[in-house]
Amino acid sequence: MKKWKRLGAALLTGAMALSLLTGCGGNGGDKKNDAETDGTDGMPHVVMTYITAGVESADLGKVEAAVNEITKEKINVEVEFKPVSVFDIGSQCPMWIGGGEQIDLMCVAFTGLKPFIDTNMIQPMDEWLPENGPDLVKMHEAGDPIYDTTTSDKVYGIMTMSSPMGNGGGYMISTEAMKAAGFNYQNGDKITLDDLDAMFAKLKALYPESYPAGVMGATPRSGMTCIADPLGATAASGVVMGYDSTEVVNYYKTEEYQNFLKHVRDWYEKGYVLKDAATTDVSLNDYMTNGTFLGYFDEGTEQLRLTACQSYGKDMTILMFNDPHMFAISASQGAYWTIPATAKEPEAAVKLLNLLNTDKDLVNLLSWGLEGVHYEFVDKEAGVINRTEKFTDYIALGLYGDQRLNYYMGESSAEEDAAWNEAALENKTKGYGFCYDTTDMTNQIIAVEAVVSEYSAALETGSADLDTVYPEFIQKLEANGIDDIIADKQAQFDEWLKNQ
Amino acid sequence: MKAKTMGKRRIRWKKVIPIYIMLLPAMLYFLINNYLPMYGITIAFRKLDYSVGILNSPFNGLENFKFLFASGNLGPVVRNTLLYNIAFMIIGTVLPITVAILFNEIRSVLAQRFYQTVILVPYLMSMVIVSYLVFAFLSADTGFINKSIVEPLTGNSISFYQEKIFWPFILVFVNEWKSIGFGMVLYMSTILGISTEYYEAAKVDGATKWQQIRYVTLPQLKPTIITMTVLSISKICASDFGLFYQVPKNSGTLYSVTQTIDTYVYNALMNQNNIAMSSAASVLQAIIGFVLVIVCNAVIRKVSKENAIF
């Protein structure tokens, strides 16, 4: 009897212990302690967030040391990296700042600066710019859109200049498959969705195991097929269609969007789209490399094409829907470097930012790693490099400094990039330079964006029935106040247009 | 006299102090882990300003709670949360008790150990892994159910992740499959604690196996059942995020049957990084849960006093 009771107690304890154990997540602490403000020899010590794609590169320490060599010599600043995954910026950085940790330079990527400004998480850098960032001021005056425009009167962030700039929109397809299906398009040829219908039909007959239309719910890409400018916010708050319009409209009710949905639904029903497309979490890279997908919607720059050829190990052709063009500067598109409220060395941080946008060695060091270790020169004069065996020991995201200073990987795309930039600057939407202030509409925007994320994955992969689901989607958008947001955006836009 | 009582007390303290010292780590843990962070509740009522810190941020009343009620989307979400939890509560009580009683009848120790391990393994799995196991069954392209059952029979395939009607059943099934082992162990430990004398007496009176279960085992389990029920009522507004987010693969089409308060708040605020609004939602959740526990306990105290928790 007693024995059983004891066994019972042991079982109970065991069960409780289990529930405790399973509750523990692997919350690895930071390996680096907070360093003191002053580095060696009273040199300002700048802590900057280092954005990883989720995994820290093995050779990050070596690159950090090399960065310090440059910064100590040129601007007398010591740099410490604080690694954070690009997916965790929004949750991790506020935690650090809320906890009072020193961060002097923080990257905010692929999300708007607005919430950071509203909560005073970051501070304006105007007072330090003229003295410590003269080259940044020069770039701004020369017309490079490096200042953020979230608020019109203060600079809260310096944008990473991408190369090339602006937006495009096209379909990237495996050249071999395209040729086999009997099509002879060249890079940059213009196509329409109807052209894709014909091509996909032939491709599916030729490669029955593959899916010619590489659409996925995680990355809705309907925006690649038309020119819809969200005016510095997201499409959930209305867009301006085309180059000449000044009317803010509901993107999800436009003919262009409906046309896209019709095509994708047709592709889905004919088996050109993966049946699990709406929910799959396999990466595009895997699907392309193993041949499940034959193509996908893409921005369409030459650099993206070259990278695609290298990663998938096959030649790719880019077919374009749009010419390169410029939108209103969108805070949700790029990466911004900001000065958090907990910065102890803001002046040195701006100095570093200035160097990041002018020093070719520094930018390339951060982008590609060490010469001779992670990359080697193919053509030093043209700035073309190639990967070495150790290339994968240092993988960085192109978020540091002026990306136009980067070497070219594999092949130079300098000519194409220049042509792209020229075309983009010629095709500006009417909203170019404007940025919508979402303050008054925060609650509505949250609600509408929730509706969009509820429906867009299923609709834009063709997984949902258009006749029933699409009207439901539109009805729900309107019930949650999309028309109010559009009216607010239109009013702000009209006001801004008047002052142009 | 006085000295005598003092001496007695000292002796008593000597006995008691070690026990308190043993309690100390747990108390500290509770204080640091469960009570200290509660000052964060004030975030829900403030307009957060990082430059001055949490405690100096200005109050803004119930502003942060507005988004929860603004769009009228809360209704179905609350309905899902409550209904799923009630279903889990009922099935999660009946099923583990049944299994525990059956287990108790297994006489071979080796077999008992084996089955117990097998039935407990899913409990140790992460929901992320479970979601991929479910996907392996349900996938429209490669899923086991589609490839080996539906397609040979009908020639078509079912896109489970786009069909709402299946999900209430799938989610309940997955949840029970995962948690049954743990519940079973809890009830088993109580059953093992029941004195065999009761059963012997029942046998003498000629009670059948079923009657033994009905009149001995179940009444003895009552306190455990009540405790477990009160505990789960306190979590009636909460939900297993992994179950409702990972397992349906966050498929938008399924939101009307899979979205709970937790996943709704996550999806709505993920892009906004708005800590104040998120904590408003969690404060609301906690308050409702707290009120429900007090009410439930009051009801139980009325019905059977000795079973009330406090």
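Two strands count as paired if DSSP finds at least two bridges between them. The model shown is predicted.

**The sheet β7-β8-β9 of chain A is open and antiparallel.** Three strands build this sheet. Strands β7 (228–229) and β9 (248–249) of chain A lie at the edges. Each of these edge strands pairs on one side only. Strand β8 of chain A covers residues 239–241. β7(A) is joined to β8(A) by two bridges, and the two strands run antiparallel. Which residue of β8(A) stands opposite D229(A)? V240(A) takes that place.

**A second open sheet of chain A has mixed pairing.** Its three strands follow the order β13-β14-β15. The edges are β13 and β15 (408–409) of chain A, each pairing on one side only. Strands of a sheet pair through backbone hydrogen bonds, either parallel or antiparallel. β14(A) and β15(A) pair in the parallel sense, over two bridges. Here I385(A) has M409(A) of β15(A) as its bridge partner.

**Strands β13 and β14 of chain A form a hairpin.** Strand β13(A) spans residues 375–379, and strand β14(A) spans 384–387. The two run antiparallel and are joined by four bridges. Across the pair, R387(A) in β14(A) stands opposite Y375(A). Four residues lie between the two strands. Which residue in the turn has a positive phi? G383(A) does, at about 70 degrees.

**Domain 1 and domain 2 of chain A meet.** Domain 1 of chain A is made of 40–162 + 331–426. Domain 2 of chain A is made of 168–323 + 434–500. Taken over C-alpha atoms, the centres of these domains are 29 Å apart. Twelve residues of domain 1 of chain A touch ten residues of domain 2 of chain A. On the side of domain 1, helix α14 (residues 414–426) of chain A gives the largest share, four residues. This side of domain 1 of chain A has three nonpolar, five polar and four charged residues.

**Helix α8 of chain B packs on helix α9 of chain B.** Two packed helices are described by the angle between their axes and the distance between the axes. α8(B) covers residues 196–204, and α9(B) covers residues 209–234. Their angle is about 140 degrees, with axes 10 Å apart. The two helices are therefore oblique to each other. α8(B) makes a right-handed crossing with α9(B). Y198(B), Y199(B) and A202(B) make the contact from α8(B). Q212(B), Y215(B) and V216(B) make it from α9(B). Which classes of residue meet between α8(B) and α9(B)? The contact has five nonpolar residues, one polar residue and no charged ones.

**Chain B touches chain A.** This contact draws 40 residues from chain B and 38 residues from chain A. On the side of chain B, the elements giving two or more residues are α2 (66–70), α7 (167–193) and α12 (261–269) of chain B. Which of these elements gives the most? α7(B) does, with seven residues. By class, the side of chain B that touches chain A divides into 17 nonpolar, 19 polar and four charged residues.

Methods: Residues numbered from 1 in each chain as written. Chains lettered and ligands numbered in written order. Predicted model: local features only at pLDDT ≥ 70, side-chain atom pairs only at ≥ 80, totals over all residues. Contact = placed C-beta atoms within 7 Å. Nonpolar A, V, L, I, M, F, W, Y, C, P; charged D, E, K, R; others polar. Axes fitted to C-alpha atoms, helices over the stretch in contact; angles between N-to-C directions. Parallel < 35°, antiparallel > 145°, perpendicular 65-115°, else oblique. Left-handed = near helix turned anticlockwise from the far one by under 90°. Domains from an automatic or database assignment.
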